Every structure is written in structure tokens, then in C-alpha cells.
Amino acid sequence: MTRYIFRRLLQAIPLLLLISIAVFALMQAIPGGPLAAYENNPNISPEDLMRLQEELGLNVPKWQQYLNWLGAVLRGDLGTSLVTRRPALTEIGERLPNTLYLSGIAFLGALLLSIPVGLVSAVRQYSWFDHAMTTLAFMGYSIPVFWFGLVLIILFNVTLKNPLTGGPLLPGGGMYTIGEDLTLEDRVAHLLLPASVLILHNLSNHVRYMRAGMLDVLHQDYIRTAHAKGLKERAVIMRHGFKNAILPLVTVIGLEIPGLFNGALLTETIFSWPGMGRLFFTSIERADYAVLMGVLMLSATLIVLFGLITDIVYAFLDPRIRFD
Amino acid sequence: MHARKLVVPFSLLALLFVLAACAAPEPTKAPPPAAPTSAPSPTRAPIPTSTAAPTAAAGPKRGGKITLAIWQSPTTLNPLLGTQTVMNEALIYILDGMLRDQPDGSRAPNLAKEVPTTQNGGVSADGKTITYKLKEGVLWSDGTPFTCDDVKFTWQAIMTPGIGVASTTGYSDMESVECPNPTTVIVKYKKFYAGYLTRFGTILPKSAGDPKDMKNWAYNRKPMGTGPFKVQEWVADDHITLVRNENYRDKDKPYLDQIVVRIVPNVDVGLQLLASGEVDVLWSVTIDTTPQLDKMAGVKYSAPPRDGGERIFMNMAENKDPADPTKPHTILGDVKVRQALARAVNKQRIIDQLLFGKVAPLPGELNNGYFACADVKPVPYDAAQAKKLLDEAGWVVGADGIRVSKGAKYAPDGTRLRLKYSTTSGNKLREDAQTLIIQDFKAVGVEAYVENAPSSVVIGTWDANSPRRHGNFDLVQYSTSVDSLEPLGGLINTFATASLPSEKNKGGQNVSRFSDPKVDALLTQAQTEPDPAKRKALYCQVAQIVNDAYPAIYLYQAGNAYAYRERLQGWIANGNNSMGWNAQDWWLK
Amino acid sequence: MLALMWRRFTKHKPAMLSLLILAIIVIGCVLAPLVVGYDPYNAPVELRRQPPSLAHLFGTDELGRDLLMRIWVGGRVSLVIGVAAMVISISIGTLVGALAGFYGGWLDNGLMRFNDFMLALPHLFILLLAAQLLRTLNVPEISGGPLPIIVIIGALSWMGAARLVRGQFLSLKAKEFVEAARVAGAQNHRIMWRHILPNAASPIIVAATLRVGNAIMTESTLSFLGFGIQPPMPTWGNMLKNAQSQMTLAPWVAIFPGLFIFAAVVAINYVGDGLRDALDPQHVE
């Protein structure tokens, strides 16, 4: 097992190098380029443009730009943003905690809700509970996030008023009320709408996988055997079913955790959340190579890492899988 | 059993249908008479100041906080490193310059005591030496005195090579900045620079840091200035908190204690926060959203006319990558076709229907301020004339109503009159206008197909293969201006032969590939003409020649609305400056 | 066999009703633009934002175009994107997952590393980038149309399915019935496609149904960010995006396209659910 993990980690290095080359090459293809922001501005003369091209290091050959970036990474640096002129690491460091705060809470919320819901839905297949939950899952899945977010804002922020203050019932965006002391209520109030959108979205997916996994297990012969032996239903489910039923969900979770670090672009956009999703999107718009490279490689590294962790957890949960 | 399963989702569907059907019908109606907008007169005459508080019974009060929303994220607050409009929107509260642009397009002294002119001895006879007298007793917000040395430092910082300063335009033409005493600045230009009054729009303190190390300045995130407010904190992508500058030169001002600048991701989010009351002021919304503002209780808006506006550049040279500017476009190379297209567009319908009549048609370049040319008139809408022109140009109506060439000037017979039409995606007003314009084209037998892209692509650089630069486009629509307050640079960039984009001149911005030796000569003459009145005559000749050649279809004047809650008093709309240009006078009712 | 499945499927009432709804949507999308007189592209702007009425059942949009007609035309694009992208994605995913899970060893290792590589590539970035790049291509026949979006979405979304299928194959290949088939002399490919795949079908069907909705949703996300199919060509996604600024003025403009996405995806998922029951040999009511 240790040897297996070690081998996989070694394999990850060339994989990540390959990805970084691919991403770097793709990035050069961003239409517009980093100087697009200086265009269409009467104050920027053609001479200014040529000078900026030189001074921002854009005249250096591409392969050399890549090697410079790689060298910087090996020194624990991610280069400097072409736009804000600040270290890319600082730019990312300012957004990452905000994103993990929102996505993390939403993810845990969805997970903690989905396991029991999926389990009960499967065991009581076609009960009213199952129908209600399946419906809810379908709905959560089928509603476009940005549309749902906007409807929530119009409802809870624009239309409904707080009876005590006369202000909006819930804040329509941001992480806290600016210029006031931080209180728990205030933070929760700001978290409520964006987290609900994310939870409903994640929940549906998780419940479906949990339910499907559990249903499969319930139809397996060993469960029927256990039933036939007269074991209590709860015992059957917990002892024999659960561990196998959670397998599909584990795969899904392994795919999702790295995404938490990327932030939820649409939710962050609608709820003015200063997170990674928006940093990523504005970096594309601005062709801010260093920041974009940092964001994308962080995400790639996590995906590779969690791919490995998923496989290990799989092995732990399913003894039929052997690693050689 | 199963049937019950369906009751929930489908009854929900039904409910939503009902909701949609019941939603209050809001037939299009004229804005209520109470709308505060000083509707721009249809002429191009500079619009006088429209005050936010026409009647203020009680005088200004001190104290209070407002929240305003901008919907782009500033990249830096060091004016030397950035060019974004939104950066200037934030900096106007913090930094001052020599002069400040007024609503009528004139300039008023800010840190300078008076506007330098030949009469008051501020401008030498050859126009190459400018002398500024500085106001006395001005302090930086940290309490240190503001002097001529700071002006000199600003120039030196801008001219420091290798640090990536955004714009050196004008400053690179300066020979020296001298300080005979702390309140006198003498700027000497190597050659006459027409835009001398536009320079030193922001002045940095010499304590900002060593220019060579500019990208690491703490100043970039927390600038210090002589303006009414100073930065308390800036949380990236979230907000900038500005607090009163206790050292502001006018002891009674600013009236407000605090301005929170909220950075929201897009304008629709900003509109919702304005509707809910979370923000008091919303920066720059397109006028097509004003029906939403009309519905908000206690919210007013004003749309001051601005410089420049929306136009469709037509590619006069061949549509190829890269294009040879001397080869004419097969369809648009013929001036009659361009003229016909300009007449085919019903501008007034776009203005009436999409902009609620709140802006004027754009007559051409130079629509604002001192250099506005009254003789340059908008092209009238005349579909019949357009059809006639196209017939004359050798484009006959084909079987499906779209014209086909038969004896056209440059197109081989049988060419279909089909044009690629691009604009920036994601700008609703622009896309809607495009839809109407395509219809207008179709009515005269011209087919246009849409190929929109994000603005970074449409506007983009030569190296990023921008079609606008390389010349592989037919029609491209966006807003720009030649900067009417001093249009020389803008006119050269847009219409001089020397500005034709090419591999050798990647920065060239002459998008329509316009080239006329008369225009080149007039612009060269203007470069050495210190007398503004004579320059104006030259510019207006250029504008007229350009208009007669139809390199662009001029649509409507720029003019976004600023929305604010009624309780904000003292704001004066100013289309020539950032929203906070008179923030020291703002107060809350 | 098919008849048996159909009988099982018809017993699944929600799936049947969903099939009906899907049929109505599909028929509407195909036929309505040919029959009804409104032009989805012509913009009589003076008639804008009219609430639902007999002349305009769903009202008109901000340019005076009949909303229902735009929904039918937009639905053509959205549904084609959803289904076509799903087919691409599930085909690749099933093939890769089956090969990797069944053969194991170096093939599994190689395919899974490729899977890792594809997974680790930043999808949204590539989607946005590809959508932009394809638009700067000077090919009027395909640029602006749905084909590039379909290919991008399909080619970037098969990895989850591949992992799922591989997991199924890993567990199932150790099963008795596989041994039995092998003893009976069945070839590898026969075991894979005839014996294991049907047993792995239900999670694949679940994944496939999700994928259709996912692809429709991805298109709307791209549209929301300004990178999707460009107006004036409607899709449900870009209609919703355009409605964003109309939500308080003309709510129907926002509500109806949202409802159609919602109804279509819910119906597709119920049909998937019904198919799952119908295909499952161990299915008991």
C-alpha cells in the first residue's frame, strides 16, 4: 500500500508538469491578451503600448516565459500579476479563505444532509419521503444556479423586509456588513442565501448517488441472504449495506473536493462574494497570466491529489479491490 | 401510487406559470414627470449643470455615511499603473490634480490657483512653457505640506523607465519640471503639446516611495492624497472604505464622514442592491435599464451627456488578415455603399425605444465641450435614399430580397451584400441595438450576420489577433471618443494615415482604414498651433471631411445614468468627470 | 425483451407523464416555428414587455419578440446541445471506463492517468477559452452555431462517467456470472458488453440522464458569463441570461425559459428513472 501511494505520488510530478505546459500554452491563446485593457483609451498612445509590451516582459519568447514561471514556482513564488503588479500568491491568498469558508460550509451541509436522506430514500423506496426527496433532488439539479440565486435575492433582499428594522430581510451580497463590528448573526445572515443555493445544488447530486448506490446494494444477494437469516433491517443496512452503498458517493466527493478551492463562480458573482471564482474569471478577462496560472495549477494539483486519495479510500471501503 | 409522485413537481410548475401570468403588467410608459433627469436637449450644445438637489431648504449637514457601488474591480489605486475608468472613480475622492473638468467641458482650478492662459501669463507665446501657481496651505492627508516638489516627483516617477507606467503621453514631451519656489511649477515642453491642460490630472506625494520600486509600493493599495477622503481599508473584490480627510484644505468639508465603495461583480447585482436599499448610489448604468430605476421608490438618477459615443466602424480596406490598407473593401470600399448603410439605420428609433429619448444622436466626432463642431450634423435616417444609393452603386435586389452586385465598383458581379457584424458580447443595450440595426439593413436589402465576442477580443491587440486591428472584419460596433476636451491625439489615432495598424505599427488605431492626405495635413498643422480657436477650426474641418467619407455609422451619444437615493444631496452630474468629482460637497438629508 | 422493458416502463407513471411532456416540448420545438406566424428574430420593439395574452401566450420580450416562439426555437438549440453532448460524453466515458476496469494492469493504469490528466485540466477555463477561440474563427458556417459548444462540452465531461463505469466493472468482473460466462467460453468483448455492461447499466443511465441536463446547464452557464451562443440566436440559457436585467420589469421573460429548462431536465431525469427500473432485471415492484 505504501509503495503504491509512493508510486502514484511520483507519477503525479510528470503529470502536473504536463498539465502546466498545456495550461500555459492554452493561456497564450486567450483572445485579446494582457494589453487589451489598455486599448481604446485616448490616454494610451501606440508608443505607450509598445513600451508596456516590453516593460511587462511580453516580448520575451514564450518558452522562456514558461521557464521563468517554473523557476519561480520552484522558489515558492507564483510570479507577479501583470495587472495589479502584486505577487500572484498574494492575490490568491486574499481570496482562498473566503472561498473555502463559503464552499466548505455548503459542501459539509450538503454531505451531512445527503447521506441520511439518500439512505432512507433507498430503504423506503417509493414512499412519500422518497418521492419528496427525489423531486427535491431533481429540482435542485434542474434549476440554473444563477437564476435561482437571483430569485432568492429578489425575494429575500428586495421584496421581503425585516419587520424590526424595515431594511431588507436578508443581505443581498457580501460576506459581512461593512463598517460594523463582526457578529455571528451578521455572518450567518450573509451566508444564508449563497450557502442555500450551493447546498441545494450539491445535495441533489449527492442524494441521487447515495440512493442509487444503496438501491444497488439492497438488491445484492448477500443482503437478501442477511434478510433471509432474519437479521433486523437496521442491522442489515448499517453492517452490510452502508459501506458498499457509499462507494459511488465517495467517487463523486473525490471529484468535488478540489472544486471547492476553485470557488463557485456563479454563486460568488450573484452574491458579490470576493472569492476564487471571481478572481479566476477576471484573470481570464484580463489575461493575467501569473494569477491564472496560479489558480489553475492549484486546482490541478488538488485534483490529482484527491484522485489518489479517492482510490485509497476506495480500497479501504471495498476489500475486493487489490493494489499490486 | 406513482401518480402522487408527480403532484409535487407539476403543481409547482403550475404555480410558477400562474405567478408569471399574474406578474404586474408594466406597459411601457414615459418616465414619471418627477424624474430628476435633466433630459439632454436634442442638440449637441453642452448641457448645463443638473443638480441632484434642486431645492434644499436646509443647508448642508455634517456627518453620515453613504455606500456606493461600482461594478468592476479596480486593479490598483496607483494612477500611474492603471488606466481603468473604475480606478479613477475611486481615486477622485482621494487624489487631486492641477485642474478639474467641469460639467460644461471647461476646466476649473483644483490644486492650481488658476487655469494657466496666455492672458494671465501661465502659457508662453509659443505654448511650450506652462506656469502653474499652486494653492497655498494645502496639506497631504498625513499632514505634510503639498509643494511643487510633489509635482516634480510625479513627473519623474512617470518617466522612470522599465517600471511599466501605463501612460507617458504628454509627459514624455516635457523637457523639465522646475520649482522656483514651493508654490510655483514651471513645465517646459520640448515641442508644443496641445493637451497640456490635461496633464497632472492626479498628483502623487513624493513620500510615495522610490519610483524604481513602484510595483512594491504600499501606496498602490493605500494611496494618500490631498482630496476630501482617505483610504481606510481595501478588501479585494469587496469594498474600499474611505473616511474623512481631517487635513482637507476646506475646513468645513467634506460633509460626509465615510464613503463605502462596494465592488460588485456586475451591474445587475448593483441594481438589486440599490433596489433593496443596501447601496445608496450606483455608478454608471446603461440607460436602457432606467425603467427599473423608475420603479424604485426614493431613487433618482441623472444621465449627464458624455464625450463620444456608440458607432459602427466600417472597414474601408479589404477584409483580410492582415489587410493591405491600400486595397479597397469589395463591398464597403465604395463610399456610396457606406453612405447608404449610414442612412439605412433608424437611429431615432433606437434612441426612442431603447434609450427612452434620453440621449441625443451622435453626429460624428467632437460632440462636446469647447471643441464641439456645431456644423457637423447627424446623418438623417432615409431608407428610400439608402436604397437609391445602393441601386446606383450597382447592387440590385436579388430573389430573396438581399442585394447582389451587378456592376458594382469593386465587387465581381454576383457578390451577395452580406456583412459580418461584430460587437462586444454581454452588453445588452449594444446587442439590442444591433438586433434593430440588422433589421434596418435587411429593409434595404443588406444582410448582416452576427459574430460578437467579449470586449477583450473585439477591442484586443495586434499580437492577440484582434480582428479590428488585423482588418478581418466588416462592421464593428463599440463606444469610444477622441477626447473632445483636447482631441488632437484622438483624431490622429483614429483617422491619420500614420495610425493605420500593421505588423510594423501594431498600436495603430485607425480601424476603418481611413486615409486622406488633406486630413493628415490638417492634423500636422494642429500639432504646432497653440491658439485653441485656430485649432478648433482645423479640427472641425477634419470632422467634416471624415463625416463626408462615412468611415463609421455614428449612432448615439454616450451617457450612462448614475442612480442615487434622494437623501444624498449636493451631487452634481458631470459627464466629463468621475462621479465623485464634487464629493466634498455631498451631504445627507 | 424490449416489449417486457416497455411494459415495465409504462408501469412507471411519472416516467410516462415525463415522456409525454418531453414529447410535447420536442414536437413544439420542431413544429411550432414552422406553423406559428411569429418571426423569432424580427424585433417589433414598440411591442416590448407585453404580459402574457392571447396573442402572445407567454408575453413578449424586451425587444417585442413573441417569447413562446423564442422558447421553441431556443429549445431546439438547447435540446440538441444537451442530447448530443451527452452521447459524446457517455460513449467516451463508458468505453474508457470499461476497458480500464475490465483489463486492469497497464491499460487501466494508462487510461486512468489520462483520465486524471483530463480531470485535472481546468474545465471551465478550457470551455471559456474554446468558446472564445471558436468565435474568432472566420468560419461563418460553424461559428455562432451550437456545434463547437456540443463538442467542447462532450469532450470535457466524460471523465466522471469513466470512473463510475470502471468502478462498476472492477466490482462486477469478480462476480459468479462472469466466471460462468468465461467457463462457457465467452470472449472478452462479449463478457464486457453482453454480461457486465447490462449489469452496470443503471448507474450509467443515471449518469447519462444527469449529463443531458448538465449539458443544457453548462450552455446556460457559458451564456450567463457571455461566452455561450450569441444573441440573436436564442437558447434557453441565453434567454435566461438576457432576462436577468428584466426580472423586476417583465418577470415572465425570466420565468418561462427557466421553467422550460426546469421542466425538460426534471422530465428527462424521471424518464431516466423509469428506464432504470425497466432495465433492472432484479427490479421488483
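This is a predicted model: local features need pLDDT of at least 70, side-chain atom pairs count only at pLDDT 80 or more; totals for chains, interfaces and linings use all residues.
Helices H2 (46-55), H4 (88-123), H5 (128-142), H6 (145-159), H11 (265-270) and H12 (276-286) of chain A each bring at least two residues to the side of chain A that touches chain B. H2(A) gives the most to this side, with eight residues. Sorted by class, the side of chain A that touches chain B holds 26 nonpolar, 17 polar and 13 charged residues.

Charged pairing at this boundary comes to two salt bridges between chain A and chain B. A salt bridge joins the side chains of Glu94(A) and Arg221(B), with an N to O distance of 3.9 Å.

In terms of residues, 56 from chain A are in contact with 60 from chain B. Between them, chain A and chain B bury an area of about 4900 Å², and carbon and sulfur atoms give 52% of it. Asn40(A), Arg85(A) and Ile178(A) supply 15% of the area that chain A buries against chain B, more than any other three residues.

Attention now turns to the nonpolar cores. The largest has 176 residues, and those with the most contacts inside it are Ile19(A), Phe125(C) and Trp236(C). Helix H12 of chain C, spanning residues 251-279, provides the largest share of this core with 17 residues. Phe125(C) reaches across to chain A: leaving aside neighbours within four places in sequence, its contacts are Val23(A), Leu26(A), Met27(A), Ile30(A), Phe280(A), Ile284(A), Leu292(A) and Leu296(A). Another core, of 109 residues, lies apart from the largest one and includes Cys373(B), Ile492(B), Leu523(B) and Ala549(B).

Gly254(A) sits in helix H10 of chain A, which runs over residues 247-262. Its relative accessibility is 11%, and because the cut-off for buried is under 20%, Gly254(A) counts as buried. Not counting residues up to four places away in sequence, Gly254(A) touches Phe306(A) and Thr310(A). Ala137(A) stands 117 residues from Gly254(A) along the chain, and the C-alpha atoms of these two residues are separated by 20 Å.

Conventions
Residues are numbered from 1 along each chain as its sequence is written. Chains are lettered from A and ligands numbered from 1 in the order in which they are written. Side-chain values use heavy atoms; hydrogens and water are left out. A nonpolar core is a set of buried Ala, Val, Leu, Ile, Met, Phe, Trp, Tyr and Cys residues joined through side-chain atoms within 4.5 Å. Buried means under 20% relative accessible area, exposed over 50%, partly exposed in between (1.4 Å probe, protein chains only). Helices (H or I, at least four residues) and strands (E, at least two) are DSSP runs, numbered from the N terminus. Contact means heavy atoms within 4.5 Å. Buried area is the accessible area (1.4 Å probe) that two parts lose on being put together, summed over both. A salt bridge is a side-chain nitrogen of Lys or Arg within 4 Å of a carboxyl oxygen of Asp or Glu. Ala, Val, Leu, Ile, Met, Phe, Trp, Tyr, Cys and Pro count as nonpolar, Asp, Glu, Lys and Arg as charged, and the others, Gly among them, as polar.
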